[in-house]
Amino acid sequence: MSHILVTGGAGYIGSHTVSCLLDLGYKVSIIDNLSTGSIKNIPQLADFYFGDFSDHSLLKKINHSQPIETIFHFAAYLSVEESTYKRQMYLENNFDKTKALLLFCQNYSVKHFIFSSSCTIYGNVNQPTVAGHTPSAPINPYGQSKLMVEQLLATLQSTQFSSLSLRYFNVAGADLDKNLGPLHSQPTQLIPLASLAACGKLSHPLKIFGNDYLTRDGTCIRDYIHLKDISQAHIKALHLLQKGAPSQLVYNVGYGQGYTVKEVIQTMKKVSGIDFPVIEAGRRDGDPPCLTANSDRFKKESLWSPQYNDLEAICLSAYHFEKSK
Ligand code: UD1
C-alpha cells in the first residue's frame with residue numbers, strides 16, 4: 001500500500017484523517033511538533049516523527065523507509081485573531097515552511113499533495129454561499145498565508161505532481177468511537193468554547209463577538225461541518241488525485257447551511273441541558289459576517305457525500321467529548 005505522510009497528524013483533523021487512512025490499510029507516517037497536537041492521538045499503527053515539517057533531513061529519513069506517495073498537509077497555526085497581531089509568525093510558519101516542504105516534494109518525486117486551506121480566504125463576501133470561483137480576498141494574515149500556499153501550488157502542478165486544496169469551513173464535533181476530538185485546553189473557536197461552558201470549565205461567561213452584523217440576529221453566520229465528514233472529504237480528495245489530475249485546484253468543503261453564533265449557543269444549551277452564562281461583547285478583529293459553502297463541485301467530482309449535517313449532533317458530540325476529558 002502506498003505511503004502517506006501526514007503533517008500535523010497529532011492534531012484535531014489530522015489525527016482523525018490518519019485513523020481513517022489506517023482503516024483503509026495505508027502506511028501512514030506523521031510529522032508533528034506537538035505544539036497543539038497530542039501524542040495521545042497517534043495510533044500505534046502510524047509511524048510518528050517528532051519535529052518540524054520543513055526539516056529536510058527528517059523528511060528524507062521518512063522517505064527512506066518507503067517513498068512517500070502523498071502528503072496531507074494539516075500542520076499550521078490557525079487562529080484568525082492571533083494572526084492579526086502575529087502576522088510575520090503566521091507567514092513564516094504557514095507559508096515559508098510549506099514552501100520548503102514543497103521543495104522536498106519536487107526533489108523526491110512526491111506525487112500528490114492535499115492542502116488544508118480555509119474559507120477565510122474569501123474574506124467579506126456579499127452572497128449567502130461561496131463557490132470555488134468566488135474571488136479570494138482574505139482579511140486576515142491567517143487567510144493570506146493559506147492563499148499564498150494555494151497560489152504556489154498552482155504554479156507547481158505538473159504531470160508528475162498533482163495537488164488540491166480543500167477550503168474548510170468551520171470544522172467541529174468529535175468522533176466518540178475513535179475518542180478523537182478538539183484537544184486544545186484554551187480553544188478560541190465557538191463550539192469548543194461552548195462545550196467548555198456547558199461542562200462548567202469556562203471561568204468566564206461565553207462571549208458573543210458582535211451583535212450588529214447584517215445577519216438574521218446580528219451575529220456571524222458560519223457553516224459548521226462535522227469532523228467525520230471533513231476526514232471523509234480528505235479520503236475522497238486522495239482518490240481524486242490517484243485517479244488522475246482533478247479539474248479544480250481548490251474545492252470548498254462545507255454543508256451550504258449556516259448558523260448564527262446565537263443559534264449555535266442555543267443548540268449547545270439544548271443538547272447539554274445546561275443554561276451556561278453568555279454575554280454580548282464587541283466584534284472580534286478579522287471576522288467576516290457570513291460564510292457558508294457551495295461544495296457542489298467537490299461533491300460531484302469526488303462523490304463526497306456528507307453524513308453528519310446536523311448541528312445538534314455536532315454540538316452533542318463536542319459536549320460529550322469535552323465531558324470525557
Ligand atoms: C476561522 C476560519 C476557519 C478556520 C478556523 C480555524 C474564518 C471565517 N474561518 O473560523 O476557516 O478553520 O478559524 O480556527 O476566518 N465566536 C464568538 N465567541 C467566541 C468564539 C467565537 O462569538 O468565544 C464567534 C466568532 O466571532 C465567529 C464565530 O463565532 O463569528 C465562529 O468563530 P470560530 O469558531 O473562532 O471560527 P472562525 O473564526 O469562523
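How much space lies in the second largest pocket?

1. A word on the basis. This is a predicted model, in which local features need pLDDT of at least 70, side-chain atom pairs count only at pLDDT 80 or more, and totals for chains, interfaces and linings use all residues. Residues are numbered from 1 along each chain as its sequence is written, and side-chain values use heavy atoms, with hydrogens and water left out.

2. The pocket. The second largest pocket holds about 190 Å³ of space. A pocket here is an open set of points on a 1 Å grid over the protein atoms alone, where a 1.4 Å probe fits, with protein on both sides within 12 Å along at least five of seven lines. The volume is the space filled by probe spheres set on the points, joined across faces, edges and corners.

3. Its lining. Lining residues have an atom within 4 Å of a point; among them are Ser38, Lys40, Asn41, Phe321 and Lys325. The lining divides into 3 nonpolar, 4 polar and 3 charged residues. Ala, Val, Leu, Ile, Met, Phe, Trp, Tyr, Cys and Pro count as nonpolar, Asp, Glu, Lys and Arg as charged, and the others, Gly among them, as polar.

4. α4 with α5. Helices are DSSP runs (H or I, at least four residues), numbered from the N terminus. Helix α4 (residues 87–107) packs on helix α5 (residues 141–156) at about 20°, with axes 8 Å apart; the axes are lines fitted to C-alpha atoms over the stretch in contact, and angles run from 0 to 180 degrees between N-to-C directions. The two helices are therefore roughly parallel (angles under 35 degrees; over 145 is roughly antiparallel, 65 to 115 roughly perpendicular and the rest oblique). Contact means heavy atoms within 4.5 Å, and the residues making it include Tyr90 and Phe95 of α4 and Met148 and Leu152 of α5. The contact residues comprise 11 nonpolar, 5 polar and 2 charged.

5. α1 with α7. Helix α1 (residues 12–23) meets helix α7 (residues 227–243) at about 60°, the axes lying 9 Å apart. That angle makes α1 oblique to α7. Tyr12 and His16 of α1 take part in the contact, as do Ile230 and His234 of α7. By class, the contact has 8 nonpolar, 5 polar and 1 charged residue.

6. α6 with α10. For helix α6 (residues 190–198) and helix α10 (residues 311–324), the angle is about 55° and the axes are 9 Å apart. This makes α6 oblique to α10. Ile191 and Leu196 are among the α6 residues that meet α10, whose partners include Ile314 and Glu322. Here the contact residues are 8 nonpolar, 1 polar and 1 charged.
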